[in-house]
Amino acid sequence: MSQHFLDQFLFVALPYVCLFTFFLMTVYRYRMQSFSYSSLSSQFLENKHHFWAVVPFHYGILVVTAGHMIAFLIPRTILAWNSHPLRLYVLEVSALAFGLLTLVGLIGVVVRRFSNTKIKNVTTPTDWILFVMLLLQTISGISVALFHPWGSAWFASNLSPYLWSIFKLNPDVSYVAAMPHLVKFHIVLAFLTIGFFPFTRLVHVLVIPNPYLWRKPQVVRWYGRRG
Amino acid sequence: MNVRSQVSMVFHLDKCIGCHTCSVACKNIWTDRKGAEYMWFNNVETKPGTGYPTKWEDQEKYKGGWESNGNGKLDIKSTSRTKIIPNIFHNPHMPSMDDYYEPWTYDYQNLFNAPEGSDQPTAEPISMIDGEKIDVQSGPNWDDDLGGSPIYAENDPNLEGLTEQQKLQLSSVERLVFFYLPRICNHCLNPCCVASCPSGALYKRGEDGIVLIDQKKCRAWRSCVAACPYKKTYFNWFTGKSEKCLLCFPRLETGQAPACFHSCVGRIRYLGVLLYDADRIEEIAKLPDDELVEGHRSMILDPFDPEVIANAKRSGISDGVIESAQRSPVYQFVVKWKIALPPHIEYRTLPMLFYVPPMSPVQASKPEDTIHHASEDLFHDIDASRVPMKFFANLFGAGHEGVVRYALRKQKAVRWHRRAETVGDVDRATADRMLHEANCTREEAEEIYKLTSLCTFEDRFVIPPMHREQAIEMMKEPHEHRTETGFGFVGGPQRGL
Ligand code: HEM
Ligand code: SF4
Ligand code: SF4
């Protein structure tokens, strides 16, 4: 019985609290504190190891996050793709590779911040907490890939419906209740990270520049006359 | 014709005494803050020298400015549109603190707190970034007055293309020469910084052409820092926002000259409006190197021409601004007399700060014990100047000597003319011949002399009417406006969480 309550708490209450915080606080912060939306680059203070930390981390995390999103949004396509074993292997191996790339980059990010007093000086407690969360998340993700393989298949068939049930406001924990502990840990930490997101530097992900490729090179602002 | 107005500038290098008052005035107002300690929106360099950041003119290293991409278009050298996507996480051409200097202060507390000992306590230099002790290796003016020095002067990127003899002429001790180059943002017509910003945070103000960074839109992608060939956008390492010279727009809007202009001891700075044809920006920016200076000048419109005035009015430029453009000292120096030139126009950003190149002493050599001057003339032949024409050409003429020689000749002719007028040891006929050779009349020489030597505040700074409060009232119901002011910026500009 207590297991049931725990599941309800971790996979229904917590996700809603985190998602609610995420939406409310990102909007609130954007409207009230838009100055604080910044990638807070540290390249200026340390430019030698910067590339080897930040670049692998971002390429890794972006591909991995995109993978999760795709499996969430179009699970059937993924299942169809996986119907062929070779294609399943290719997908799993590349997902693992990008996971490892993320880990290597992230370790680089943390070591770089730890070893250089200048960047350490601009690293806040929030940053450290975030790095620990991201590290745990990446490590648990890689472990899931290693110990509970074919995640690309069971994510699409079991977790995607669970996530959809959350978004449809009709939560159904039966899908996750049967998951191994490692996977549960990964899911809970994911929601916690989402809830913590608006209070961290991660908000830079929301302000990635999009109109740049289309806009005219020169930007002119008129005070009154024209638009 | 698409007429726009631009607050433009002239720095008369012949008058700069290298006192750095301008830099300090600016620093005290704008960059005396955490994260901005290393920034000098205004800095003064010794030339020949490596400048700040070190060797900023070396675009092989910094990749600033525009380059032709081969099919008739200009691309940003550092990160063109397509190149920014894979490079947004790590900008390959971003200068780092090592290229500027690490700001420091002194551990004054030690003077009070040091334990009793046999030596006097000292205040050791400590970094303003992390508070650690540092061994100071460079500063914003480390090469100040070190023209002729092997590590600084010899590495000036403008020495390219000079003969060995000319280089020697610049660096051997008894024949040493140097001059000062004060620099601020040029508020360019084709600014690379603006074009490079993925977030569109940088913009040019339509009415006066001042280039600014919207602090609320900047996301620290740092593209502008790499893209500006003059290295006049700076990254604030604390707030995670880029910053730049704002031409003291709050001062301009209240009718005062920018702080560096106002405080200039040598009175070398002039400010005024230029009208230009914005439709021609792209065409001019693409011209071959040797046509750039003249092309750029040809964009600037004659504020007395009735057609220009009619077009200006059609573009919404007010009578007050047009009238201000007619009195602009910058127009005189740049267009009428052609003695002020844009710096490094080959970067193709079309800078709107122009420099009057300085005169320099006559060449000299020291074959035996006495110094021998190449010319005994008081006002020597321009080509016998100690600073080789090629050096000026690299700085102000995209490598071409013609425009620089023209500017220097005219300055020399004005001196001969005034010498003939006041001292009388130069005969009038020679002075007139010099004027003629320099394409200058006596009247023009008088005007140049007056605006150079006898200029008052009002002559130097012709600030257009740009009172924003009034501009608002003209367009909006004041009552309506009042309710909107002050909303939006809740909480101070604090570093991201
Ligand atoms: C989609 C696009 C993204 C862009 C354009 C982007 C861009 C950037 C940039 C420019 C920086 C500053 C790097 C520096 O110069 O120090 C940065 C840092 C960072 N980003 Fe992203 N990012 C993106 C996505 C993400 C995602 C999805 C995550 C994680 C979930 C993430 C996590 C981080 C972290 C933790 C840092 C700090 C790294 C450090 O310590 O230097 N980013 N990002
Ligand atoms: S000098 Fe030109 S390119 Fe550089 S910051 Fe100023 S306007 Fe931008
Ligand atoms: S205050 Fe004027 S004279 Fe002094 S260094 Fe600056 S520009 Fe030159």
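## Exercises on a predicted two-chain model

Glu45(B) counts as buried, at 2% relative accessibility; buried means under 20% relative accessible area, exposed over 50%, and partly exposed in between, with a 1.4 Å probe and protein chains only. The structure is a predicted model in which local features need pLDDT of at least 70 and side-chain atom pairs count only at pLDDT 80 or more, while totals for chains, interfaces and linings use all residues. Residues are numbered from 1 along each chain as its sequence is written, chains are lettered from A and ligands numbered from 1 in the order in which they are written, and side-chain values use heavy atoms, with hydrogens and water left out.

### Exercise 1: Placing Glu45(B)

Task. State in which strand Glu45(B) lies, and how far apart Glu45(B) and Thr422(B) are in sequence and in space.

Solution. 
1. Glu45(B) belongs to strand β2 of chain B, residues 43-47. Helices (H or I, at least four residues) and strands (E, at least two) are DSSP runs, numbered from the N terminus.
2. Between Glu45(B) and Thr422(B) the separation is 377 residues in sequence and 34 Å in space, C-alpha to C-alpha.

### Exercise 2: The outline of chain A

Task. Describe the secondary structure of chain A, its dimensions and its buried share.

Solution. 
1. Chain A has 9 helices and 1 strand.
2. Read from the N terminus on, its elements follow the order α-α-α-α-α-α-α-α-α-β.
3. Along the principal axes, the C-alpha atoms of chain A fill a box of roughly 60 × 40 × 40 Å.
4. Of the 227 residues in chain A, 44% are buried.

### Exercise 3: The site of ligand 1

Task. Determine which residues come nearest to ligand 1 and which helices of chain A supply at least two residues of its shell.

Solution. 
1. There are 24 residues around ligand 1, and Ser41(A), His50(A), His58(A), Arg113(A) and His204(A) come nearest. A residue is near a molecule or strand if one of its heavy atoms lies within 4 Å of it.
2. The site is shared between chains, because residues from chains A and B surround ligand 1.
3. For His204(A), a side-chain N or O atom is 2.7 Å from a nitrogen atom of ligand 1.
4. The helices that each supply at least two shell residues are α2 (50-73), α4 (85-115) and α6 (125-147) of chain A. The largest share, 6 residues, comes from α2(A).
5. By class, the shell divides into 13 nonpolar, 7 polar and 4 charged residues. Here Ala, Val, Leu, Ile, Met, Phe, Trp, Tyr, Cys and Pro count as nonpolar, Asp, Glu, Lys and Arg as charged, and the others, Gly among them, as polar.

### Exercise 4: Ligands 2 and 3

Task. Give the class make-up of the shells around ligand 2 and ligand 3, and name residues found there.

Solution. 
1. Ligand 2 is surrounded by residues including Cys185(B), His187(B), Cys188(B), Cys192(B), Cys193(B) and Cys228(B). Its shell divides into 8 nonpolar, 3 polar and 1 charged.
2. Of the 14 residues around ligand 3, those that come nearest are Cys16(B), Cys19(B), His20(B), Cys22(B) and Cys264(B). This shell has 9 nonpolar, 4 polar and 1 charged residues.

### Exercise 5: Salt bridges

Task. State how many salt bridges the structure holds, and examine the pairs Asp214(B)–Arg221(A) and Glu253(B)–Arg205(B).

Solution. 
1. Over all chains there are 30 salt bridges, each a side-chain nitrogen of Lys or Arg within 4 Å of a carboxyl oxygen of Asp or Glu.
2. One of them is formed by the side chains of Asp214(B) and Arg221(A), at 2.8 Å, N to O. This pair joins two chains, because Asp214(B) lies in the loop between β9 (211-213) and α7 (223-227) of chain B and Arg221(A) in strand β1 (residues 220-221) of chain A.
3. Asp214(B) counts as buried, at 17% relative accessibility, whereas Arg221(A) is partly exposed, with a relative accessible area of 30%.
4. The side chains of Glu253(B) and Arg205(B) also meet in a salt bridge, at 3.0 Å, N to O. The pair links distant parts of the chain, 48 residues apart: Glu253(B) is in the loop between α8 (249-252) and α9 (259-263) of chain B, and Arg205(B) is in strand β8 (residues 202-205) of chain B.
5. Glu253(B) is buried, with a relative accessible area of 13%, and Arg205(B) counts as buried at 5% relative accessibility.

Definitions and conventions
Polar contact = N/O pair within 3.5 Å; in protein donor to acceptor, adjacent residues only side chain to side chain.
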